[in-house]
Every structure is written in C-alpha cells, then in structure tokens.
Amino acid sequence: MVKITRIRALEILDSRGNPTLMTKVTLSDGVIGVAKVPSGASTGIHEAVELRDGGTRYGGKGVTHAVKNVNTVLAEVMGSVNPLSQKDVDESLLKADPSKGKGKLGANAILSVSMATAVAAAVHLKMELFEYLRTKVIGKNAKYLLPVPLSNVINGGEHAGNELAIQEFKILPIGAKTYPEGLRCISEVYHTLGKRMIKRYGRMAKHVGDEGGYCGYGLKHTKNALEEIVGAVEEAGYSPGRDVVLGIDAAASAFFKEGKYTIDGKKLDASELLEMYLDLERTFPLQTVEDPFDEEAFGDFAEYVKETKIQVITDDLTVSNPEIVKRAIKEKAGNALLLKVNQIGSVTEAIEAAKIANDAGWGVVVSHRSGETGDTFISDLSVALGTGQLKSGAPARTDRVEKYNRLLEIYDLLDGKCGYPGSKFRTDWRNY
Ligand code: PEP
Ligand code: MG
C-alpha cells in the first residue's frame with residue numbers, strides 16, 4: 001500500500017505579502033502533492049482559526065508555529081494513514097487537533113496537509129485533481145459542469161481604500177454558452193470598465209484592490225459602481241440582464257456597528273438596508289447578493305430571502321461550517337452557500353458543507369479568499385462538486401487568473417464536453 005513518507009511545510013507569502021503555508025506531501029512512490037493556503041481579510045468570527053505567531057515578526061502574522069506543527073506532529077500522525085482515503089486523512093487530522101476551530105495546531109496547518117494529500121493521491125492514481133475529487137472522494141459520476149465565474153470587477157469595503165461600503169461588485173457572464181466564452185466576456189467587460197473609469201475619474205481609477213478589481217476611485221455610492229458596470233457591459237457589446245448579470249458581496253459585518261449599517265453616507269437599520277437591496281434589484285440586473293447583513297443576523301437574512309427571488313449567499317454567516325449551514329437552512333436564512341475551504345479547515349468538511357447545502361436545494365459558490373496564492377485547488381473543487389459557480393476575483397493578477405486559467409485547462413482536458421449553467425441565471429430584468 002502506498003504511504004506518506006515525508007511532509008514538509010514552509011512559510012511563504014500570500015498575494016497581500018502576508019505569511020501563509022506551502023506544504024508538500026511525498027508518497028512512497030515518489031509522487032509529491034503541493035498545496036498553498038489562502039487567507040481572508042473580512043473573516044467571519046466563527047471561522048476556523050489560522051495559527052499566527054504574534055510578536056513583531058511580519059507584524060505578528062508569521063506562521064512558523066503552524067509550519068512546525070505540520071513538520072512534526074502532523075507528519076508523524078500521517079505516517080500511518082492511507083493517503084488514498086481522504087476521509088481517513090481528514091479524520092486523523094481532526095483527531096490530532098480536536099480543539100474548537102482547530103486553533104491548537106492551526107486550521108492553516110491542517111488544511112495544507114489535507115489539500116496536499118488529495119493532490120498527491122490524484123497524481124498517484126494518474127488522475128486530474130477534479131476527476132479524483134469527484135469520482136473517488138465525493139463518489140459521483142464523471143459528468144462535468146464548469147462554473148459560471150462571479151468576477152469581482154470593483155473592489156470596496158475591506159479590500160480597497162475607497163468610499164464604497166460594499167466589498168465586491170461582480171459580473172456573471174450568463175449569456176455565454178461555454179466557460180471559455182464566459183471568461184472572454186468578463187475580460188472584455190473588465191477592460192472596458194477600466195477605460196471608462198479612467199475617462200471619467202482620471203488615472204487614479206486604474207488602480208486595483210486586493211482581488212484585482214478596480215479600486216473604485218471617484219465612486220461615492222453603491223449605485224455609482226453598479227451604473228459604471230452596466231455602462232461597461234453595454235459598451236463592451238453585451239446586453240445587461242441577458243448576457244451579463246450583476247452580483248454584490250456586501251460583507252455587511254464590516255459596516256455594522258451598534259445596530260446600524262453605515263453605507264452611502266447614511267446609517268440604516270436592517271429593514272432600511274433590506275429596502276435598499278430591493279431597490280437595487282429593481283434598478284439593476286442584480287441576481288446575487290452575498291452577506292447582506294451582519295454575520296449573526298440570521299433573522300434579517302431570512303427576511304430578505306422571503307422578499308426576493310434572487311440568490312442570497314451566506315458567507316460570514318455560515319463560514320462553510322456544516323453545523324452552522326444546517327442552522328441557516330432550518331431558519332431559511334439564505335438560498336446559497338459560499339464555500340471557502342480555509343473557513344472550515346479540511347477538504348472532507350468543506351465537501352460535507354456543500355453536500356448539506358445542495359441537498360437542501362441551495363446553490364453553492366466555491367470561493368477564493370482575498371489573500372490568495374497561485375494554488376488552483378478551488379477550480380478543481382468547483383468542477384468536482386459541480387456547483388456551477390466559482391468566485392475568484394477580477395480577470396487580473398496571477399493569484400486570481402490562475403484559477404480561471406486552470407478551468408480553461410480543464411475545459412480542454414474534457415474536450416469541451418462539459419456543461420455551463422449560465423442560463424440558470426437568466427433574468428426578466430427589463431423584459432430580457
Ligand atoms: C469574501 O468575503 O467573500 C472574500 C472573498 O473576502 P475575504 O477572503 O477577505 O473574506
Ligand atoms: Mg464574502
């Protein structure tokens with residue numbers, strides 16, 4: 001039986017220049033699996049715990065303790081585990097750190113081993129990662145669906161230094177027939193938007209935020225950003241509502257304080273903010289809203305779901321945690337789950353959260369973090385799960401584009417024989 005013979009982690013930097021882990025798992029046949037762990041900025045309070053060193057080195061963000069935990073405790077544990085059983089791999093990892101949120105050894109340490117072992121197992125079996133995850137780990141057939149990209153073209157909130165409270169303004173290329181056509185669409189709209197913003201607001205508008213979207217220089221209000229995007233969609237030769245619909249991630253916890261949401265120069269209570277979202281839906285081809293309220297406001301999420309027909313995604317509310325996802329489903333506090341593997345800290349638990357959401361009829365959007373690396377695990381995961389949606393930022397900056405490029409590669413590997421669920425989002429906005 002193949003075994004893990006060596007595990008080696010090291011401290012590397014993420015796309016914001018903060019330390020994170022890269023871990024290599026070597027199998028007895030010499031195969032190596034590598035994984036690099038991402039890191040969020042607008043993190044939910046119930047997320048699994050990243051182990052950081054503290055002190056002054058790297059402003060306290062060093063991960064040398066997490067690295068040491070991989071190279072000692074986890075390397076030892078994994079020596080006797082079957083790397084071809086992801087369930088056994090993750091059970092052993094969870095047993096090694098049963099603390100709440102995996103804070104003892106670090107969810108970043110644990111996830112790096114979980115992902116790198118899956119990568120090594122796929123290589124050992126001479127399979128592509130998406131194929132291995134789908135058929136061997138999830139146990140589904142080899143029918144593949146590529147995701148619609150939710151591409152964040154204007155950054156705000158915690159991800160950019162501007163006046164926009166809303167964190168992400170996204171475009172979804174729903175009119176495309178295939179994933180490559182969809183990717184081309186977001187690239188064309190992105191560049192058109194850039195030129196438009198420079199013309200209107202000057203060269204400062206060319207700068208980008210943490211996820212490669214424009215920094216929103218000159219934009220004062222939520223509506224200004226959405227107007228610019230709709231204008232860019234049209235200028236690029238696409239039809240808003242038919243070819244491209246819009247999404248936002250409010251990440252509302254970041255602008256919630258003492259019962260009020262500070263947005264667009266106003267302080268709103270939850271019902272006024274809900275009215276604002278409904279107004280945006282009437283004014284723009286908005287089809288998906290993420291984290292519209294504070295991360296503990298299950299009731300306000302549920303009110304929104306009752307009032308709307310569009311996709312309401314839970315991110316900070318559910319933090320990819322199977323138990324919290326169950327609560328949100330029970331309370332009808334959303335209708336789609338944002339899935340971030342590092343929020344929960346192991347591949348098996350992330351898949352379980354997706355399965356729970358899917359079984360309840362919820363959508364699932366596989367997602368990057370604002371602090372990323374060149375790792376493309378999430379592209380393969382989105383295809384393996386068949387979620388039909390992936391958010392990976394703007395079509396700019398290598399940390400974002402690598403994920404989109406990996407999907408082009410998967411499309412090619414499948415000879416184009418895969419679905420693309422763009423039309424699922426078709427909207428009757430302005431009679432389209
Ligand atoms: C998000 O909130 O969906 C996101 C990607 O940002 P972060 O990684 O900062 O949580
Ligand atoms: Mg979010």
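Which residues coordinate the magnesium ion (ligand 2)? In this predicted model, where local features need pLDDT of at least 70, side-chain atom pairs count only at pLDDT 80 or more, and totals for chains, interfaces and linings use all residues, the ion is coordinated by Asp 249 (OD), Glu 290 (OE) and Asp 315 (OD), at 2.1 to 2.2 Å. Donors are N, O and S atoms within 2.8 Å of the metal (3.2 Å for Na, K and Ca), and as water is not among the atoms, sites may look incomplete. Residues are numbered from 1 along each chain as its sequence is written, and ligands are numbered from 1 in the order in which they are written.

Along the sequence, the donor residues follow the spacing D-x40-E-x24-D. Glu 290 lies in strand E10 (residues 286–290) and Asp 315 in the loop between strand E11 (311–314) and helix H9 (322–330), so this pair ties together parts that are 25 residues apart in sequence; helices (H or I, at least four residues) and strands (E, at least two) are DSSP runs, numbered from the N terminus. Both Glu 290 and Asp 315 are buried, a word that means under 20% relative accessible area (1.4 Å probe, protein chains only).

Another buried residue is Ala 66, with a relative accessible area of 0%, and its place is in helix H1 (residues 64–78). Leaving aside neighbours within four places in sequence, Ala 66 is in contact (heavy atoms within 4.5 Å) with Leu 21, Leu 51, Leu 105, Asn 108 and Ala 109.

Notes. Side-chain values use heavy atoms; hydrogens and water are left out. Buried means under 20% relative accessible area, exposed over 50%, partly exposed in between (1.4 Å probe, protein chains only).
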